[in-house]
Amino acid sequence: MKPVSTLPAVQVASSCVRDPLSAAKDLANQLQHQHLGYVLFFCSAEYDLASLGMALEKEFPDVEVSGCTSAGEITSEGYDRGCITALGFDHRYFAIECALIREMDQFTLGDAQSVIDDLLSRCRDAKLAPIKGNTFAITLLDGLSSREELVLATLNSALGSIPQFGGSAGDDEHLADTHVFYNGRFHAGAATVLLVNTPLDFRVFSTHHLAEGDVKLIVTDACPDSRTVYELNAEPAADAYARAVGTTVAALSREVFALRPLGVKVGGHYFVRSIQRVNPDKSLTFYCAVETGIVMTAMTPGSLLDTVREQLEASERIVGKPLVTIGCDCFLRRLEAEVIGESDAVSAFLRHHKVVGFNTYGEQFNGMHINQTFTGVVIGQPDACSEQ
């Protein structure tokens, strides 16, 4: 029999055109086909977002579109900036439903259960595959909201055994305005959760390249709501951190933060807590919530690619030849690659493994909010017999 379609189950597109109307048309030209069922995109915050939202609605009138702003994009060619990268999902292989969480600080477990139950119901209606074992969740959160932990914990409880990953929206490293996109508009202070149901094999993963160092720092004064640590080991936080990583407070910079983050050990594994900035009072503001009393460890970097390669190769042994990998890569990992001169090598690696995604202000994995990690999902190719 003649194959149903020669198009892949996931189409990938990108555009570096700065005019929103032209960029949206460019994406549509690359993605539109009769079986297109959903579009997920990641874009530079330097676009006129209001105009871009309207343009995307115009170009994809019958297809749901969601996404977020980024701190750098991952296209089919690797790392890029100032552009849009997008994925178009074939509705014969993917049932995708999305919900907007408008008020992250008011989000309760009851709200989470209601949201997830509704998304599950709509995915079941598509009758593509049983929910169990065939469904994963993608979360995209306002990267400057300081409420990621609350939303993720409640969503994780509602998701149960459904694996989840995601990233916090960026804004090209300006740390001013980050947005998620839903129903034709960009929203600040909000989050989206996508439920993806598919008969295709997939594996959700998360990894980082940082190893435990020798120096331990106890958080002796902190404000979790503002993610600010005032004291480490009962002295000004910046003083203690600078000494731990072998530099001075005056020399602290985003490059130092990228190369020498702190980690917290939970359940035998280290989760990274990255520093955003030094404040005038020598306190430190983090990208994740940090509480008084926890013990933090100064981490040392290993190879940027070795652990990611292990995860992707392990995934590909399970799912077979990858159709696509959707990746959320911390912008501090990208900064590290630039500092040590490995950007081209990382881009080549991402291109080889069919990674498409974005650089984040924080990553999410099964309810945890983390930093300086690479997290995502590897999706396998359709069985050749299913296309006949």
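**Group meeting talk: loops, cysteines and helix pairs**

Good morning. Let us begin with Gly-133, which lies in the loop between helix H3 and strand S8 (135-141). Helices (H or I, at least four residues) and strands (E, at least two) are DSSP runs, numbered from the N terminus. This is a predicted model, in which local features need pLDDT of at least 70 and side-chain atom pairs count only at pLDDT 80 or more, while totals for chains, interfaces and linings use all residues. Residues are numbered from 1 along each chain as its sequence is written, and side-chain values use heavy atoms, with hydrogens and water left out.

Is Gly-133 buried or exposed? Gly-133 counts as exposed, because its relative accessibility is 63%. Here buried means under 20% relative accessible area, exposed means over 50%, and partly exposed is in between (1.4 Å probe, protein chains only). Gly-133 and Val-290 are 157 residues apart along the chain, and their C-alpha atoms are separated by 34 Å.

A second pair may be set beside this one. The C-alpha atoms of Phe-358 and Thr-85 are separated by 8.2 Å, and these residues are 273 apart along the chain. Phe-358 belongs to strand S23 (residues 355-360), and with a relative accessible area of 0% Phe-358 is buried.

I turn now to the backbone. Most residues other than glycine have a negative phi. Arg-227 has a positive phi, near 60°, and is not a glycine. Where is Arg-227 found? Its place is the loop between strand S14 (210-223) and strand S15 (228-232). Arg-227 counts as buried, since its relative accessibility is 3%. Lys-282, also not a glycine, has a positive phi of about 70°. Lys-282 sits in the loop between strand S19 (275-278) and strand S20 (284-286). With a relative accessible area of 32%, Lys-282 is partly exposed.

Strand S20 also holds Thr-285. Thr-285 is buried, because its relative accessibility is 3%. Which residues does Thr-285 touch, not counting residues up to four places away in sequence? Among them are Ser-226, Arg-227 and Thr-228, together with Ile-275 and Gln-276. Contact here means heavy atoms within 4.5 Å.

Next, the cysteines. A disulfide is a covalent bond between the sulfur atoms of two cysteines. In this analysis, a disulfide is a pair of cysteine sulfur atoms within 2.5 Å. How many disulfides does the structure hold? The structure holds zero disulfides. Cys-288 is in no disulfide, and the nearest cysteine sulfur, that of Cys-330, is 9.0 Å away. Cys-288 is buried at 0% relative accessibility, and Cys-330 is buried with a relative accessible area of 2%.

Cys-328 is found in strand S22 (residues 322-330), and at 2% relative accessibility Cys-328 counts as buried. Residues up to four places away in sequence aside, Cys-328 touches several residues, including Phe-165, Gly-166, Gly-167 and Phe-358. Cys-328 and Ala-314 are 14 residues apart in sequence and 18 Å apart in space, C-alpha to C-alpha.

Finally, the helix pairs. Two packed helices are described by the angle between their axes and the distance between the axes. Axes are lines fitted to C-alpha atoms, for helices over the stretch in contact, and angles run from 0 to 180 degrees between N-to-C directions.

The axes of helix H3 (residues 109-126) and helix H4 (residues 148-159) come within 8 Å and cross at roughly 50°. H3 and H4 are therefore oblique to each other; angles under 35 degrees count as roughly parallel, over 145 as roughly antiparallel, 65 to 115 as roughly perpendicular and the rest as oblique. In H3, Leu-109, Ala-112, Gln-113 and Ile-116 meet Thr-154, Leu-155, Ser-157, Ala-158 and Leu-159 of H4. These contact residues divide into six nonpolar, three polar and no charged. Ala, Val, Leu, Ile, Met, Phe, Trp, Tyr, Cys and Pro count as nonpolar, Asp, Glu, Lys and Arg as charged, and the others, Gly among them, as polar.

The axes of helix H1 (residues 20-31) and helix H2 (residues 49-59) also come within 8 Å, crossing at roughly 35°. By class, the contact of H1 with H2 has eight nonpolar, one polar and two charged residues. Thank you for your attention.
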